[in-house]
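Please read it alongside the model.

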Amino acid sequence: MTSETIPSMIVIKELTKRYGQLTAVDKITLTVEEGEIFGFVGPNGAGKTSTLRMIACLLEPSSGEIRVGGHSVTNDSRTVRRLIGYMPDFFGVYNDMKVWEYLDFFGACYAIPEIERAQLIDDLLELVDLNHRREDMVDKLSRGMKQRLSLARTLVHDPQVLILDEPASGLDPRARVEIRELLVELAKMGKTIFFSTHILSDVAEICTRVGIIEAGKLVAVGALEDLQQQIMPRRLIELTVLGQIEEAQSLLETIPGVVNVDKFQNNGGRSRLRIEFSGDDVALSAALAILVQKGIPVLHFNESRRDLEEVFMRATKGLVT
Amino acid sequence: MSETVVDSAVSAKRRPSLGELFRRNPVVVKEMRARMRGNRAFILLTVYLGLLGLMVALIYFAFSQSTSAVNSVSDRQIFGKAIFGILVFMQLLTISFVSPALTAGAISMEREHQTYDLLRTTLLTGRALVMGKFLSGLLFVLLMLFAALPLQSLAFLFGGVAPEEFIIATILLIVSAIAFCAAGVFFSSFIKRTLISTVLAYAFAIITVFGLPMLLLLAFSLIDVLFGGLGSQISSAGEIFLFIGGWLLVAVNPLATAVATEVVLLQEQSAFIFTLPLPSGISITLISPWVPYIIFYLILSLFMLWISIRFVRRVEK
């Protein structure tokens, strides 16, 4: 099988980090495949940053093992550092530096020859849409721009893996969308992205898989849909109909998989129903087909966004180390 | 095809120039860019040279007022020596005040600005980081020293200063700059806060320049007491031991070293070795103090830089 011939990009085994009495990361085991966007979700203080710093060779694990591209983080850190681009959850500012100099400096730190750097800086600034700020001082940039510049910095040596700590935190909605689009673009370029966040919508929109961490322990890993199925066997569906609300409700109650139906809002002729549903995707689409067949005027049929938060709330217990 | 291979092999073996070596260190390039940006460096150099020039002008004024025979060669030589000596002293002061300011934040500032982690995830080696910080500080101090050369050359106009004196003084200044810059980087490599690191780097410079002479004074007065009161009782071996100890103490202080070297140059006409007759009648041969001074401070600097590299390389536990 191909999964045997191509080793996983990031392999974490029994990773533990203790600070004195406190266990910040507790026997985490997980793998991330090449080209994945892996979202590492957890409340503040759950151990996300510690884990990311250990992958980035900045922090020594108390026990356990991390391999990136098959290389050990502890024994072969130089190779690993070549493979990864790390973006911390803060922006390291040099006051006395222009935007292009910032990238030039980090390019030089990755031993990229001086002749290649000029073109590289142009390409990177174009990618993150900062070409027009090339000659500006770094500390004059807005937060969103700094974050994009920071992302450009992590790409300077064309790493295969990006380790991003809260890449979207503290940004306004537009800047957040921009960062998210950039990440998707980078994944299309074949990069493996491992990022931490506590913003659930980020995870829902771009991640191929998610790991939920709480109090140093990995409480759930998998594709978001699988997690939803696992943690919440009942999905919450919102249905908006134009009239025939009673018929819709009684019809729904006969469909297999429907556990409960609530009418919960009525405005301007539109009626909304909330359905608890225990079936899979096939059963769900069949349910919709039945409604349409029977002539119910369905305006809107979707899985509730609050579901994601429910998954998170149910997976975690509100513990903080 | 094979020719190009040979070519590249040859070019790889070619020794890079000093400039290339500096350019290859990203930290040096970055620090120099930042340091020379705007007019800060220009103003600093101008004020520094202005002060030195003012000193020279004052000495000149004092001399031309007090000495009736400025035309006599010996007077002019005294004037030349005065300019030279005072400028060297001023430069030593400058080095001891500027070096810590330039280097004591080298690593700790990276920590405070949260750029330290960024650097440590790159391929930049601990050695390149420490040496880059050290060299960029040192280069600026050297720039200040060399910028004052035209003023120094006034001393030659009046005579009285031998080339050896000038060369030895320059070497002493450069070695002192190396030591003070290395100390700044050293403190900032393991002390988290720049403020504390700066205080310690200044303490190092001030103790080296001013603290040690006081220690010397104490040591010599002790020797004096020993020879004054118990001189007759001390064995000749003990006497030699005391003198060598005193001589070593002289060689750890730049001011004492400069003065003692000058005395040896004038009285013994030697820049390297001199013979010292002891009170008991035995003579011992000693090396002029500037030689052990540079050996001591170069070794100390290398040691401090080595320790700094070890601190910087360390992975956080």
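1. A salt bridge is taken here as a side-chain nitrogen of Lys or Arg within 4 Å of a carboxyl oxygen of Asp or Glu. In this predicted model, the side chains of Arg23(B) and Glu114(A) meet in such a bridge, at 2.5 Å from N to O, and the count between chain B and chain A is five salt bridges.

2. Between chain B and chain A there are also 14 residue pairs in polar contact, with both residues at pLDDT 80 or more. On the side of chain B that touches chain A, helix 3 (26-36) and helix 7 (116-121) of chain B each supply at least two residues, and that side divides into eight nonpolar, six polar and ten charged residues.

3. As for extent, 24 residues of chain B are in contact with 32 residues of chain A, and the two chains bury about 2800 Å² between them, 56% of it on carbon and sulfur atoms. Leu118(B), Thr121(B) and Leu123(B) supply 26% of the area that chain B buries against chain A, more than any other three residues.

4. The largest pocket holds about 730 Å³ of space; among its 29 lining residues, Asp96(A), Glu31(B), Ala34(B), Arg35(B) and Met109(B) lie nearest its centre. Its lining divides into 13 nonpolar, nine polar and seven charged residues.

5. The second largest pocket holds about 620 Å³, and the closest to its centre of the 25 residues that line it are Ala108(A), Arg23(B), Arg24(B), Asn25(B) and Pro26(B). Helix 2 of chain B gives the largest share of this lining, five residues, and the lining divides into 16 nonpolar, two polar and seven charged residues.

Conventions:
Residues numbered from 1 in each chain as written. Chains lettered and ligands numbered in written order. Predicted model: local features only at pLDDT ≥ 70, side-chain atom pairs only at ≥ 80, totals over all residues. Heavy atoms only, no water. Contact = heavy atoms within 4.5 Å. Buried area = accessible area lost by both parts, 1.4 Å probe. Polar contact = N/O pair within 3.5 Å; in protein donor to acceptor, adjacent residues only side chain to side chain. Helix = DSSP H or I, 4+ residues; strand = E, 2+ residues; numbered from the N terminus. Nonpolar A, V, L, I, M, F, W, Y, C, P; charged D, E, K, R; others polar. 1 Å grid on protein atoms, 1.4 Å probe; cavity = no way out; pocket = protein on both sides within 12 Å on 5 of 7 lines; lining within 4 Å. Points joined across faces, edges and corners; volume = space filled by probe spheres on them.
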